[in-house]
Amino acid sequence: MKVRIYQIVPELDEKHLMFRNLQTILSKSNGKITEAIYECVYEGELEAKQLEDVFYILNCAFPQDYHARSLSVSDVVEMVKSDNDSSFYFCDSFGFQPFPFNKSAIHKNQEE
């Protein structure tokens, strides 16, 4: 399964949303996710069939090309089915929550 992982950039986290659950983030951000504080930290193929597999891999069996921190609460997983078909899931306190995520609004890493 092809995935992209988005994590909050610590320097942009003025409301201290990193590692917070979805309900807390929505309550502190006028009912929406602020994509501009996220950046894509990984894109690759994982031997995963479901989101729980992705969580396990990115916490216990890191791929060689994964250099971000462990997948955790407040992170976003994009499951890429094709170039024009993706689903986004918020890593919540318990499980994953599907939700709309505008990846065109994410923070662009200046080193790229």
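In which sense do strand E1 and E3 pair, and over how many bridges? The structure examined here is a predicted model, in which local features need pLDDT of at least 70, side-chain atom pairs count only at pLDDT 80 or more, and totals for chains, interfaces and linings use all residues. Residues are numbered from 1 along each chain as its sequence is written, and side-chain values use heavy atoms, with hydrogens and water left out.

Strand E1 (residues 2-8) and E3 pair in the antiparallel sense, over five bridges. Strands (E, at least two residues) and helices (H or I, at least four) are DSSP runs numbered from the N terminus, and two strands pair if DSSP finds at least two bridges between them. Within this pairing, arginine 4 stands opposite glutamate 78 in E3. E1 also pairs with E2, again in the antiparallel sense, over seven bridges. Here isoleucine 5 stands opposite tyrosine 42 in E2.

E3 has a further partner in strand E4 (residues 85-91), with antiparallel pairing over six bridges. Valine 80 has serine 86 in E4 as its bridge partner. Two residues lie between E3 and E4, and the two strands form a hairpin. Strands of a sheet pair through backbone hydrogen bonds, either parallel or antiparallel. In this model five strands form an open sheet with antiparallel pairing, in the order E2-E1-E3-E4-E5. E2 and strand E5 (96-98) stand at the edges; each has a single partner strand, so one side of each is left without a neighbour in the sheet. From one strand to the next, the twist averages 25 degrees, where axes are lines fitted to C-alpha atoms, for helices over the stretch in contact, and angles run from 0 to 180 degrees between N-to-C directions.

Strand E3 (residues 76-82) is largely enclosed by the rest of the structure, because five of its seven residues are buried. Buried means under 20% relative accessible area, exposed means over 50%, and partly exposed lies in between (1.4 Å probe, protein chains only). The interior was also examined for nonpolar cores, each a set of buried Ala, Val, Leu, Ile, Met, Phe, Trp, Tyr and Cys residues joined through side-chain atoms within 4.5 Å. The largest such core has 16 residues, and those with the most contacts inside it are Ile5, Leu46, Val54, Leu58 and Val77. At least two residues of this core come from each of E1, helix H2 (51-60), E3 and E4. H2 gives the most, with four residues. Another core, of 15 residues, lies apart from it and includes Ile8, Met18, Tyr38 and Phe88.

Contacts (heavy atoms within 4.5 Å) were listed without residues up to four places away in sequence. On this basis valine 77 touches Val3, Arg4, Ile5, Leu51, Val54, Leu71, Ser87, Phe88, Tyr89 and Phe96. Serine 29 is found in the loop between helix H1 (22-28) and strand E2 (38-45). Serine 29 is buried, with a relative accessible area of 2%, and touches Lys15, Leu17 and Thr34, with residues up to four places away in sequence not counted.

Aromatic rings were compared next. Rings of Phe, Tyr and Trp (its six-membered ring) pair if their centres lie within 6.5 Å; planes under 30 degrees apart count as stacked, over 60 as edge-to-face and the rest as tilted. The count comes to eight aromatic pairs. The rings of tyrosine 42 and tyrosine 66 have centres 5.1 Å apart and planes at 70 degrees, so this pair is edge-to-face. The pair links distant parts of the chain, as tyrosine 42 is in strand E2 and tyrosine 66 in the loop between H2 and E3, 24 residues apart. Tyrosine 42 is buried at 5% relative accessible area, and tyrosine 66 is buried at 6%. Tyrosine 66 also forms a stacked pair with phenylalanine 62, at 5.7 Å centre to centre and 10 degrees between the planes. Phenylalanine 62 is partly exposed, with a relative accessible area of 39%. Elsewhere, ring pairs link Tyr6, Tyr38, Phe88, Phe90, Phe99 and Phe101 into a cluster.

With a disulfide taken as a pair of cysteine sulfur atoms within 2.5 Å, the count comes to zero disulfides. The sulfur of cysteine 40 is too far for a bond, because the closest cysteine sulfur, in cysteine 91, is 16 Å away. Cysteine 91 is in no disulfide, and its nearest cysteine sulfur, that of cysteine 60, is 13 Å away. Cysteine 40 is partly exposed at 25% relative accessible area, whereas cysteine 91 is buried at 3%.
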